[in-house]
Amino acid sequence: MRNHTELCEFILLGVPHTQGLETLFFVLFSFIYLFTLIGNILILTAVVSSSALHTPMYFFLGLLSIYDMLFPSVTCPKMLSYLSGQSHAISYKGCATQLFFYHFLGSTEGCLYSVMAYDRFVAICQPLRYTLTMRPGVCVGLVLGAWMVGSLHASILTYFTFRLTYCGPNQVGYFFCDIPAVLPLACDDGSLAQTVSSTAVGFLALMYWFIICVSYVHIGVAILKIRSAEGRKKAFSTCSAHLTAVLCAFGPVIIIYLQSTPSPLLGAVVQILNNIVSPMLNSLIYSLRNKEVKKSLKRVFLKVVRTSPE
């Protein structure tokens with residue numbers, strides 16, 4: 001970032017065309033955010049407390065729960081602050097930090113979905129090699145690789161966005177600092193930054209989606225080859241929660257990039273679904289559709305009840 005920029009802060013205007021609904025949105029988003037934190041903390045507690053869940057599949061699920069708590073925390077607290085009547089201002093560095101962590105956590109979580117799809121592919125298509133292929137060192141290496149990809153991706157986008165000079169209007173017509181909302185405020189030509197951001201985000205999304213699709217095509221073929229109905233049902237049940245979460249995560253992104261004429265209101269609604277609602281749904285999906293997680297949560301609950309003072 002250039003030290004000689006004249007702007008020291010931006011003003012977040014919020015969700016477009018929703019003036020007068022601040023109180024309603026504050027109550028709604030507060031509930032969703034709180035539910036998201038509680039739900040993912042419960043899943044993380046279930047994974048950590050049960051030795052039966054100390055497997056690669058649940059190791060990745062525990063990490064996903066952490067990301068689902070951090071991702072909405074990038075945008076939601078500031079949004080709740082100005083919805084409650086506090087200042088809409090965000091510092092220049094705060095805006096850059098928000099943009100960085102939004103893309104870092106978003107791209108890292110997308111990579112984690114791909115890793116989880118690969119894990120299910122190995123478990124179902126190569127069960128005899130699963131223990132060797134998904135050994136602890138490999139799992140940690142895959143997670144570190146996801147962090148590196150996310151960090152590089154976010155660093156590039158943040159650099160190209162904030163290397164520009166911002167010296168004019170500072171009102172961001174959005175509820176957080178995202179590239180399409182910030183770039184129009186630059187005094188320099190932002191076409192290069194726009195091209196780089198669109199290419200990088202589109203490439204990563206397509207790469208993650210390709211890995212997931214290839215994995216599930218092979219999984220689908222393998223499931224169809226299972227002769228017993230019970231075996232097919234068991235194999236499918238191990239993938240259904242992850243597949244549902246993937247559709248909830250990638251659905252909003254696909255909608256954004258398929259718009260021929262982008263609508264600010266539709267874009268904001270889709271981003272809210274992606275940033276706030278999807279992390280909440282993940283906790284519901286994995287707690288309601290996964291028997292092992294439900295059993296672990298039940299044991300934790302019973303243990304807390306028994307140890308609580310009368």
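What percentage of the 310 residues in the chain do buried residues make up? Buried residues make up 46% of the chain, where buried means under 20% relative accessible area, exposed means over 50%, and partly exposed lies in between (1.4 Å probe, protein chains only). The model is predicted: local features need pLDDT of at least 70 and side-chain atom pairs count only at pLDDT 80 or more, whereas totals for chains, interfaces and linings use all residues. Residues are numbered from 1 along each chain as its sequence is written, and side-chain values use heavy atoms, with hydrogens and water left out.

**The whole chain**

Begin with the complete chain in cartoon form. Its secondary structure comes to ten helices and three strands; these are DSSP runs numbered from the N terminus, helices being H or I with at least four residues and strands being E with at least two. Along the sequence the pattern reads β-α-α-β-α-α-α-β-α-α-α-α-α. Of the contacts with a separation of 6 or more, 81% are between residues 24 or more positions apart; a contact means heavy atoms within 4.5 Å.

Now select strand 1 (residues 9-12), which pairs with strand 2 in the antiparallel sense over three bridges. Within this pairing, F10 has I90 as its bridge partner, and E9 has S91. Towards strand 3, strand 1 pairs in the parallel sense over two bridges, and I11 stands opposite Q171.

**Two single residues**

Select H54, in the loop between helix 1 (22-49) and helix 2. Is H54 buried or exposed? Its relative accessibility is 53%, so H54 counts as exposed. Leaving aside residues up to four places away in sequence, H54 touches V47 and V48.

Continue to T75, which lies in helix 2. T75 is buried, because its relative accessible area is 1%. Apart from residues up to four places away in sequence, T75 touches Q98, F176 and N275.

**Helix 2 and helix 3**

Select residues 56-83 (helix 2) together with residues 92-125 (helix 3): their axes come within 10 Å and cross at roughly 160°. Axes are lines fitted to C-alpha atoms, for helices over the stretch in contact, and angles run from 0 to 180 degrees between N-to-C directions. Helix 2 is therefore roughly antiparallel to helix 3, a term for angles over 145 degrees. Helix 2 passes helix 3 in a left-handed crossing; a crossing is left-handed if the near helix is turned anticlockwise from the far one by less than a right angle, and right-handed if clockwise.

By class, this contact has 17 nonpolar, four polar and five charged residues. Ala, Val, Leu, Ile, Met, Phe, Trp, Tyr, Cys and Pro count as nonpolar, Asp, Glu, Lys and Arg as charged, and the others, Gly among them, as polar.

**Helix 5 and helix 7**

Finally, select residues 136-162 (helix 5) and residues 191-225 (helix 7), which pack at an angle of about 160° with their axes 8 Å apart. These two helices are therefore roughly antiparallel to each other, and their crossing is left-handed. The contact includes V149, H153 and F160 of helix 5 and L192, S197 and Y208 of helix 7. Its residues divide into eleven nonpolar, three polar and no charged.

Conventions. Parallel < 35°, antiparallel > 145°, perpendicular 65-115°, else oblique. Pairing = 2+ DSSP bridges.
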